[in-house]
Amino acid sequence: MYPIKDLGHALKKAGETVASSVTRSGAALLHTASEATQSGGHFVSRTFLSAVKDAEAEFKAAGDGIQRIVDSGQEVALKSLAGKKVQEYEDIIRSLVKAWPRVVLRLGGEVDALRHAAKQNRTDAQASTAMKRIATSPELSKALEKAADRSIVSFAVEFGGNVAAVANADGAIGFVTEIRNFSNVRRYGSVGLSLGASVGGSGDVALGLYTASPQHYAGPFVAVTLEGAIGIGGGIVVSYDVPDLSFGGFAVPVAFGDKVNVSIGGGYTFLLA
């Protein structure tokens with residue numbers, strides 16, 4: 001068996017290289033302008049793309065580690081566990097996906113505020129207020145309360161884009177808050193890579209349900225994407241924390257980009273100011 005902790009080290013090294021580059025640059029990470037790199041209905045800035053290219057060697061090492069997980073047969077066990085987790089939370093996942101169009105219709109200004117703030121250099125009061133209004137909306141609140149009773153601690157709204165020019169890497173920026181303490185809102189970046197992905201992003205917007213609190217929402221992870229699970233379009237991503245492979249949570253696509261067919265991947269999440 002290939003040691004998961006070795007993969008964790010490779011993912012951490014790649015992720016920290018990207019995090020250092022984007023933090024040091026102070027530039028926008030997501031754009032909605034034509035001069036940026038477009039993919040999956042959203043735009044990843046040249047800053048993010050450049051940061052991933054700077055870590056190309058580290059991502060190759062991480063990709064080799066993920067391939068060893070597949071070759072060792074550990075992928076089968078991870079996919080089986082992921083399927084069981086999706087079934088366990090099926091009612092909550094369905095509720096979120098069904099409710100999101102109504103959230104956008106009624107709170108479109110808040111969603112746009114988050115999208116705008118995602119590309120900024122800091123988390124502002126407007127973004128924190130928008131996260132609170134979305135999370136406490138009648139459309140989502142019951143599902144989130146139910147999730148909190150089943151070991152879920154945090155709720156996230158994430159905007160993503162594909163930077164597949166380097167190692168099938170995906171970049172995303174999002175906001176995460178505690179389900180039972182909406183005053184604690186943090187902005188984060190995430191970069192990951194996968195095996196077997198088609199070209200294009202899995203979706204422009206995803207809702208996250210995670211077992212870690214925002215202040216601890218950082219570090220390497222292994223992820224399994226289940227395409228078309230429980231009849232939902234797009235791929236539900238089930239993440240596991242490294243190195244103990246404890247359940248880390250879900251990312252559920254609610255606004256779809258290009259079709260993705262991913263079996264297993266990994267990445268690194270880092271907190272931003």
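A nonpolar core is a set of buried Ala, Val, Leu, Ile, Met, Phe, Trp, Tyr and Cys residues joined through side-chain atoms within 4.5 Å. In this predicted model, the largest such core has 71 residues.

**Nonpolar cores**
- Within the largest core, the residues that touch the most other members are Val 18, Trp 100, Phe 155 and Phe 250.
- Helix α1, which spans residues 4-25, supplies the largest share of this core, with eight residues.
- Another core, of six residues, lies apart from the largest one, and Ala 156, Val 176, Tyr 210 and Ala 251 are among its members.

**Surroundings of Phe 250**
- Neighbours within four places in sequence aside, Phe 250 is in contact with residues including Lys 85, Val 86, Tyr 89 and Ile 93.
- The contacts of Phe 250 also include the run Leu 207, Gly 208, Leu 209 and Tyr 210, as well as Ile 236, Val 237 and Val 238.

**Ser 239**
- Ser 239 sits in strand β9, residues 235-241.
- Its relative accessible area is 9%, and because the cut-off for buried is under 20%, Ser 239 counts as buried.

**Helix α7**
- In helix α7 (residues 125-135), the buried residues are Ala 127, Ala 130, Met 131, Ile 134 and Ala 135.
- Viewed down the axis of α7, these buried residues fall within an arc of 125 degrees, so they line one face of the helix.
- Ala 125 and Gln 126 are exposed, on the face of α7 turned away from its buried side.

Key: Residues numbered from 1 in each chain as written. Predicted model: local features only at pLDDT ≥ 70, side-chain atom pairs only at ≥ 80, totals over all residues. Heavy atoms only, no water. Buried < 20%, exposed > 50% of the residue type's maximum accessible area, 1.4 Å probe, protein only. Helix = DSSP H or I, 4+ residues; strand = E, 2+ residues; numbered from the N terminus. Contact = heavy atoms within 4.5 Å. Arc of directions from axis to C-beta.
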